[in-house]
Amino acid sequence: MTLAAPAAERAWTPPFALDLAAVLKPLRRGPADPCLRIGQDGTAWRASNTPAGPATLALRRSGGEIRASAWGPGADLALAALPDLLGARDDDTGFVAHHPLIAESRRRAPGLRIGRTGQVWDVLIPAVLEQKVTGKEAWRSWRELCRRFGTPAPGPALPGAPEPEPALSGAPLAPPAALTPLYTPPTPRALLAIPDWEWHRAGVDGARRRTLLAAASVATRLERAVDLGGEAGRELLRKVPGIGVWTAAEIAQRAWGDPDAVSVGDFHLHDVVGWALAGRKASDEEMLEILAPYAPQRQRAIRYLECSGARKPRFGPRFAGRDYRAI
């Protein structure tokens, strides 16, 4: 099969060690994410909204280069943002690994970077959907909303069933064979037009729906959070009813690569940090005390913990999610 010619292409050589899979991982919502997929040849495909319109970006390694191809009205903007997406603005100056586990993880993962999309809206939707539900539930709602109310991504994505996904590699560009079509997330206007029954059909309860609608009504103003950055950016996001500390941190980590945004209120994180770094359970307050030596790069320490595979002990059955479609 012949690929549609890209609207634009770019080759970029990162001036630092780069783990392409690790930097893109926070942007991927589940193995069947309709906006970010890994092709059988290892090419990473990402569909997104840009101020100029939808764009599809294909990334692959070629020696020390990252080669990118882009399609759609937003192709040029997507390529211009490539270095930032892959962590070019990330600065770990002054970071000290105060715990042996983090020091060892850092040694083993020299290519870990914190990337930034440069835009709030596309990462806000899944962050809100993940409020107070299991990841499986949130990812299902994310797929439903993108496939039914998003825009089919421009470019050569092909229909089919998902298959096992290999690690990113340096293979030449090839279409994302046997993957379901890519979609961009719904735009604010598209989301505001979704009827009530369609939210229910997608498994989104009233509280999360109201938060998303409130955010969509001021979406343009929320993009200013990227320029503000840090606590000021997170505070702007929290002005939206329903966006609290946890959601603002999840958005900040991805939109502007905030190295200090801690997802306080996460169901698991406080115990993961507690067991990994203090050998015990921990509350959110205790987690912040444990992470205090890493400020202003506490999220970076958490990323190293995630890379280490640290988990909290299991003492009982997993939480059974609630299917809001059945209510």
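Modeller: A crossing of two helices is left-handed if the near helix is turned anticlockwise from the far one by less than a right angle, and right-handed if clockwise. In this predicted model, H5 passes H13 in a right-handed crossing.

Colleague: Which residues are H5 and H13, and at what angle do their axes cross?

Modeller: Helix H5 covers residues 121-129 and helix H13 covers residues 245-255. Their axes cross at roughly 145 degrees and come within 9 Å.

Colleague: How do you know that H5 and H13 meet, and which residues do so?

Modeller: Contact means heavy atoms within 4.5 Å. On the H5 side, Val-123, Leu-124, Ala-127 and Val-128 meet residues of H13. Their partners in H13 are Trp-246, Thr-247, Glu-250, Ile-251, Arg-254 and Ala-255. By class, this contact of H5 with H13 has seven nonpolar, one polar and two charged residues.

Colleague: Is the crossing of H14 and H15 left-handed or right-handed? And which residues of H14 and H15 meet?

Modeller: H14 and H15 make a left-handed crossing. Leu-269, His-270, Val-273, Gly-274, Leu-277 and Ala-278 come from H14. They meet Asp-284, Met-287, Ile-290 and Leu-291 of H15. Seven residues of that contact are nonpolar, two polar and one charged.

Colleague: Now the strands. Why is S4 called largely enclosed by the rest of the structure?

Modeller: A residue is buried when its relative accessible area is under 20%. Strand S4 spans residues 53-62, and seven of its 10 residues are buried, so S4 is largely enclosed.

Colleague: How do you know that S3 and S4 pair, and how many bridges join them?

Modeller: Pairing needs at least two bridges. Strand S3 (residues 44-50) is joined to S4 by seven, and the two run antiparallel. Ala-47 has Thr-56 in S4 as its bridge partner. S3 and S4 form a hairpin, with two residues between them.

Colleague: In what sense do S4 and S5 pair?

Modeller: S4 and strand S5 (residues 65-71) pair in the antiparallel sense, over seven bridges. Arg-61 stands opposite Ile-66 in S5. Their hairpin also has two residues between the strands, and Gly-63 there takes a positive phi near 65 degrees.

How values were computed
Residues are numbered from 1 along each chain as its sequence is written. This is a predicted model: local features need pLDDT of at least 70, side-chain atom pairs count only at pLDDT 80 or more; totals for chains, interfaces and linings use all residues. Side-chain values use heavy atoms; hydrogens and water are left out. Axes are lines fitted to C-alpha atoms, for helices over the stretch in contact, and angles run from 0 to 180 degrees between N-to-C directions. Helices (H or I, at least four residues) and strands (E, at least two) are DSSP runs, numbered from the N terminus. Ala, Val, Leu, Ile, Met, Phe, Trp, Tyr, Cys and Pro count as nonpolar, Asp, Glu, Lys and Arg as charged, and the others, Gly among them, as polar. Buried means under 20% relative accessible area, exposed over 50%, partly exposed in between (1.4 Å probe, protein chains only).
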